[in-house]
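My plan is to look things up one at a time and write down what I find.

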Amino acid sequence: MKSTILLTAIGLSTFFAVTYNNPVFSASQDECAIWICLPGGFPSGCAAAHSAMVKRVHKLKPPLPPFSGCAEDGNFSATTAVSAYIPAHKECLNQGITLDGIDCMEWEDVGESWVPGSFCAPGLDDEEDSRTKGCTRTDMEIKIYENGQLWGEAPFYVNVNN
């Protein structure tokens, strides 16, 4: 009987020593890597983190796991919002009259852009919201903060349609 009690006491003390000395984190290594990789735009070596983030979004989870599930120290937070994506395109700068009617005489290349806080509804009348004219999808905008300060190349956009 004494040996059973002694073994139980040793087992319980070992269990508590291991449990309380080794923190258990809820997120996977790839999910935690999102916190490091996302602010840099998922550079080389971050493919697994990018894949983990996309899986989270497609499972309707937040793109990042709670930071507390990845590390004990650090004051990191993130915000997310929708943004209408407008791909690179050409816009007419100068119209003129030709034999075929009115035509563009001078074009300007316009880079890709996002309209924060806006959903894209392609095919609907673009006059409803001229800010989203030419949009093709709605992306998720993510910003990471450390101690309340924007961290990394922000914002980062995730195509949630793929």
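Which cysteine forms a disulfide with Cys32? I looked it up: the partner is Cys70, and the two sulfur atoms lie 2.1 Å apart. For this I took a disulfide as a pair of cysteine sulfur atoms within 2.5 Å.

**Ground rules**

I am reading a predicted model, in which local features need pLDDT of at least 70, side-chain atom pairs count only at pLDDT 80 or more, and totals for chains, interfaces and linings use all residues. Residues are numbered from 1 along each chain as its sequence is written, and side-chain values use heavy atoms, with hydrogens and water left out.

**Confidence**

I checked pLDDT, the predictor's confidence in each residue from 0 to 100. Its mean for the protein is 77, and 77% of the residues reach 70 or more. Residues 1-25 have pLDDT below 50. Beyond near neighbours in sequence, I find six contacts for this stretch in the model. A contact here means heavy atoms within 4.5 Å. Where pLDDT is low, the predicted coordinates should not be read in detail.

**Overall layout**

I listed three helices and six strands. Helices (H or I, at least four residues) and strands (E, at least two) are DSSP runs, numbered from the N terminus. The order from the N terminus is α-α-α-β-β-β-β-β-β.

Next I looked at burial. Buried means under 20% relative accessible area, exposed means over 50%, and partly exposed is in between (1.4 Å probe, protein chains only). Of the 162 residues, 26% are buried. The accessible surface comes to about 11,000 Å². Carbon and sulfur atoms hold 56% of that surface. The areas come from the Shrake-Rupley method with a 1.4 Å probe, and for residues only the protein chains shown count as cover.

I also looked at contacts between residues at least 6 apart in sequence. Of these, 55% join residues at least 24 apart.

**Disulfides**

I went back to the cysteines. The structure holds four disulfides. Numbering the bonded cysteines along the chain, I get the pattern 1-4, 2-3, 5-6, 7-8.

Why is the Cys32 and Cys70 disulfide left-handed? The torsion about its S-S bond is about -90°, so I noted it as left-handed. Cys32 sits in helix 2 (residues 29-37), and Cys70 sits in the loop between helix 3 (47-58) and strand 1 (76-86), so the pair ties together parts 38 residues apart in sequence. Cys32 and Cys70 are both buried.

I then took Cys37, which is joined to Cys46 with S to S at 2.1 Å. The torsion about the S-S bond is about -70°, so this disulfide is left-handed. Both Cys37 and Cys46 are buried.

Cys120 and Cys135 came next, with their sulfur atoms 2.1 Å apart. Both cysteines lie in the loop between strand 4 (113-116) and strand 5 (137-146), so the link ties together parts 15 residues apart in sequence. The link is right-handed, with 90° about the S-S bond. Cys120 is buried at 13% relative accessible area, and Cys135 is buried at 9%.

**Strands 2 and 3**

How do strand 2 and strand 3 run? Strand 2 (residues 89-98) and strand 3 (residues 101-110) are antiparallel and joined by nine bridges. I count two strands as paired if DSSP finds at least two bridges between them. A hairpin of two residues connects strand 2 to strand 3. I followed Cys92 across and found its bridge partner in strand 3, Trp107.

**Salt bridges**

I found three salt bridges. The term means a side-chain nitrogen of Lys or Arg within 4 Å of a carboxyl oxygen of Asp or Glu.

Glu31 meets Arg56 at 2.9 Å, N to O. Glu31 is in helix 2 and Arg56 in helix 3, 25 residues apart. Glu31 is buried at 15% relative accessibility, and Arg56 is buried at 7%.

Asp109 meets Lys90 at 2.7 Å, N to O. Asp109 lies in strand 3 and Lys90 in strand 2, so the pair ties together parts 19 residues apart in sequence. Is Asp109 buried or exposed? I read 60% relative accessibility, so Asp109 counts as exposed. Lys90 is exposed at 52%.

Asp139 pairs with Arg137, their closest N and O atoms 2.7 Å apart. Asp139 is buried at 2% relative accessible area, whereas Arg137 is partly exposed at 23%.
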